[in-house]
Amino acid sequence: MTDKLAHLSFDELVQQVRACTLCADFLPLGPRPVVQLSPESRILVVGQAPGTRVHETGVPFNDPSGDRLRQWMGITREDFYDDRKLAILPMGFCYPGTGKSGDLPPRPECAPAWRSALLERLPNIALTLVIGQYAHAWHLPGAKKSVTENVRNWRDFWPEKLPMPHPSPRNNLWLRRNPWYESEVIPELQERIAKLL
């Protein structure tokens, strides 16, 4: 599909993404792609897929995970939702539904259909925050299978990329078990973001 998208302008491409119904048959709440981006974006945030609250509002990271992510980044909501500063492209653009242990994985059709074409249109990205296993698998060449291993080896990807655990409240136990993450990594992240913005 990427070749078919190459001739589109930035705005046309984003319009097509927002109108996408590729996975409609599999989405319990129907399609509602949630993305934020501008050719000027400096930082790229790559999460998994929207949850129900994000699906309802159409605003990415408009939930407790987003509150913690903004806290980790050391930025305001205003900066976070300024697309000239921040692009937000989850691995799946629509809410995938719920499974036994939380939300289902991002739909597998989404990334191959859109991701490369969108990333090519973001020439000013200086830092990519890579959140969770599906984002790690796509965005970190040579990544380990375990999110913890990737996060522990964050310096291998720094300063262009930062592997991160999910900021979800479901990860409170992980954060308690890995206190080095917030004491060692977060100050570096905040310093880098302050320079970029």
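A residue is termed buried under 20% relative accessible area, exposed over 50% and partly exposed in between (1.4 Å probe, protein chains only). The model is predicted, so that local features need pLDDT of at least 70 and side-chain atom pairs count only at pLDDT 80 or more, while totals for chains, interfaces and linings use all residues. Residues are numbered from 1 along each chain as its sequence is written, and side-chain values use heavy atoms, with hydrogens and water left out.

Four strands form an open sheet of order S2-S1-S5-S6 with parallel pairing; strands are DSSP runs (E, at least two residues), as are helices (H or I, at least four), numbered from the N terminus, and pairing requires at least two DSSP bridges. Strands S2 (86-88) and S6 (161-164) lie at the edges. The twist from one strand to the next averages 15°, with axes fitted to C-alpha atoms (for helices, over the stretch in contact) and angles from 0 to 180 degrees between N-to-C directions.

Helix H4 (residues 64-73) packs on the sheet and touches S1 (43-46), S2, S5 and S6, contact meaning heavy atoms within 4.5 Å. Its direction makes about 145° with that of S1.

Six salt bridges are found (side-chain nitrogen of Lys or Arg within 4 Å of a carboxyl oxygen of Asp or Glu). Within H4, Arg70 and Asp67 are three residues apart, about one helical turn, and form a salt bridge at 3.0 Å. Arg70 is buried at 5% relative accessibility, whereas Asp67 is partly exposed at 45%. Arg155 and Glu188 also form a salt bridge (3.7 Å, N to O).
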